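Hello,

Here is the structure I promised to pass on to you.

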Amino acid sequence: MAARSPPQAPHGPHENQSTDLPEVLVLKPPPVLNYFGDDFSKKFRFLKATESPLPIDQFLATHARSVRAVLCSGTGPRINAEILRLVPSLELIVTTSAGLNHIDLAECRKLGILVANAGDVFSEDVADMAVGLLIDVLRKVSAADRYVRQGLWAAKGDYPLGSKLGGKRIGIVGLGRIGSQVAKRLEAFGCSISYNSRKRKEFVSYPFYANVCELAANSDALIICCGLTEQTRHMINREVLLALGKEGVIVNIGRGPIIHEKEMVQCLAVGEIGGAGLDVFENEPNVPKELFALDNVVMAPHMAVFTPESFQALRDIMIENLEAFFSNKPLLSPVMEE
Amino acid sequence: MDSSIGVLMTYPMSDYLEQQLQKRFNLFKLWTHSSHSDFLKNNSNSIQALVGNTKIGADAELIDSLPKLEIVSSYSVGLDKIDLSKCQEKGIRVTNTPDVLTDDVADAAIGLVLAVTRRVCECDRFVRSGLWKKRDFGLGTKFSGKSVGIVGLGRIGSAIAKRAQAFDCLISYHSRSERPETNYKYYSSIIDLAANCHILIIACALTEKTHHIVNREVIDALGPKGILINIGRGPHIDEPELVSALLEGRLGGAGLDVFENEPEVPEHLLALENVVLLPHVGSDTVETSESMADLVINNLEAHFLKKPLLTPVI
């Protein structure tokens, strides 16, 4: 990927007065800045679109004409062709997510813009959350905790039985960094692992299913660990869920739109699948209210990476990527073409 | 099987077990009689076997009231509700349900660790309350790579260790004796174990020696960032001390499947966000309940057919 030509001298409103620090555009501050903003502002001058009254296109046209790097997150505005046109000197996009669905990668490739993401820094935390959600659904942890807190254990007696995790067939959708960590953990619980991926992985002994429906038909639980692309949008639909079956459980720590949410809600409402553990939704922070009536659904507010450890590691890798770029060194977690 | 053999079930622990016992034996159900003493007076001579569980086992009084009792087959692995010395004295056989429930209880332990550290139940409450639309949730704590201390490295403790290792946790333990064949770090003192781990998991049997083994000193050693998980027995922990430690912030959080006086749970705990409370469901899955019931039945059949018991304790 060829880099673009060198920038003009910087100008416009900035975070602090020093002109020695390199300039970084921020369209919407990623959550990591809420916790570690100071660590970044010691090293970079942030150009924050959200702190200007101007609408974004005017802001960029006025102030971002020579900015070379942007720091973004999965929950900010989409970095599309239009935005890229308004920042003609952009050479690097650094995203605090592992996911890349909010970036027009094809356009970046065309324009020679480098992209770096969070690499592997929070794969463990996300995998832990996936396992936590799966155990919760099978063993009814949140539902039983509610039962106890409502005083029903004394009043109504024993809680209904859950389902054993050991021996369950786990279907991992997307055997990347996160999916591999999920597999490693669940094997220790006596689960058997199969997977579906864009293509079969070399050196992996887990059974591969080229078709996600076939994976579902041969699994007791599906764990969605893949990225959101045009191919994976609404990939988990009614057909897949029916193949998963009445006792089947779905866990999503990827992106909400990978699952056809309306169809999943319908399947859950009539008992066509056994339960769901969801950290992500199609239209966050909105969650279908039908799910609130269900005890076999466990929900989290997109926080699988929200631990101090992941945020510290994220801060470090973001800063290291930006520093490397500004000193013409190789990026630490560049997104490679596949 | 001779269906004149009388079996007394102490508690409605499993519909499946009840059905199977009914098919094979003359089944008496203690809970269906309003006066236990009257029932025992009228039927004690017809009862040769007792099936108890963690709620009602076989104490000295009950054993003494059953003069024809030959075998106690417990629907549990724990034996704290059985007067073992009385059984020994009277030549009564005792069986329990080891191994079949090991995985489920270990899974419940890790489930509780994840629920507490990652605030899973709290997250679920947060989303259900509609608060996500108004504000962000906040941070949990990472579990992977943390130090885990296990009290009791028996079947269940070992299974917990194996799972925690898959999360790259550092495992240490306290036990009656050291287990050099494992490469986990051993602490001869539970206080030292608590002081040197982030997450302390109670997985030992309840005996006189382990009653209140987790007391104020141990809780303080575990500390304000420490997490305590109990899938053993309620009386392992000095419950009032646990409650005050949580209220005062001297302990970071707790995941509890058992309590000193089930089904009563200290009221103060019900209002805390940093605890997860389960109604003694460690082995409560459809699959394991059936396996446990089958083991009870098979032990009883073996006894009355004069074959070797499958899982004898005495």
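Which residue stands opposite A:Val26 in E2(A)? The residue there is A:Lys48.

Before going further, some housekeeping. This is a predicted model, in which local features need pLDDT of at least 70 and side-chain atom pairs count only at pLDDT 80 or more, while totals for chains, interfaces and linings use all residues. Residues are numbered from 1 along each chain as its sequence is written, chains are lettered from A and ligands numbered from 1 in the order in which they are written, and side-chain values use heavy atoms, with hydrogens and water left out.

**The strand pair in chain A**

Strand E1 (residues 23-26) of chain A runs parallel to E2(A), and the two pair over four bridges. Helices (H or I, at least four residues) and strands (E, at least two) are DSSP runs, numbered from the N terminus, and two strands pair if DSSP finds at least two bridges between them. In a regular strand the side chains alternate between the two faces of the sheet. Strand E2 (residues 45-48) of chain A is covered on both faces: A:Arg45 and A:Leu47 are buried on one side, and A:Phe46 and A:Lys48 are buried on the other. Buried here means under 20% relative accessible area, exposed over 50%, and partly exposed in between (1.4 Å probe, protein chains only).

**Where the chains meet**

On the interface, 59 residues of chain B are in contact with 56 residues of chain A, contact meaning heavy atoms within 4.5 Å. The two chains bury about 5000 Å² between them, 61% of it on carbon and sulfur atoms. That buried area is the accessible area (1.4 Å probe) that two parts lose on being put together, summed over both. On the chain B side, B:Arg118, B:Arg128 and B:Trp132 lose the most area to chain A, together 17% of what that side buries.

The rule finds 10 salt bridges across this interface, a salt bridge being a side-chain nitrogen of Lys or Arg within 4 Å of a carboxyl oxygen of Asp or Glu. Another salt bridge joins B:Lys142 and A:Glu124, with the closest N and O atoms 2.8 Å apart. This pair crosses between chains, from the loop between H6 and strand E6 (147-151) of chain B to helix H5 of chain A. B:Lys142 counts as buried at 13% relative accessibility, whereas A:Glu124 counts as partly exposed at 23%.

**Helix H6 of chain B**

Why is H6(B) largely enclosed by the rest of the structure? Eight of its nine residues are buried, so the rest of the structure largely encloses H6(B). Among the buried residues are B:Val120, B:Cys121, B:Phe126 and B:Arg128. The cover over the buried residues of H6(B) includes helix H5 (123-139), helix H6 (141-149) and strand E11 (297-299) of chain A, together with H5 and E12 of chain B.

B:Glu122 sits in this helix and is buried, with a relative accessible area of 13%. Not counting residues up to four places away in sequence, B:Glu122 touches B:Phe137 and B:Glu273. Just after H6(B), B:Gly130 takes a positive phi of about 85°.

**A buried leucine in a loop**

B:Leu278 lies in the loop between E12 and H12 of chain B and is buried, at 3% relative accessible area. Leaving aside neighbours within four places in sequence, B:Leu278 has contacts in both chains, including A:Val141, A:Trp153, B:Leu112 and B:Phe259.

The structure holds 37 salt bridges over all chains. B:Asp220 and B:Arg250 form one of them, with the closest N and O atoms 2.8 Å apart. B:Asp220 lies in helix H9 (residues 216-222) of chain B and B:Arg250 in the loop between helix H10 (239-248) and strand E11 (253-256), so the pair ties together parts that are 30 residues apart in sequence. B:Asp220 is partly exposed at 36%, while B:Arg250 counts as buried at 17%. Both belong to a network of salt bridges that also links B:Arg216, B:Glu241 and B:Glu248.
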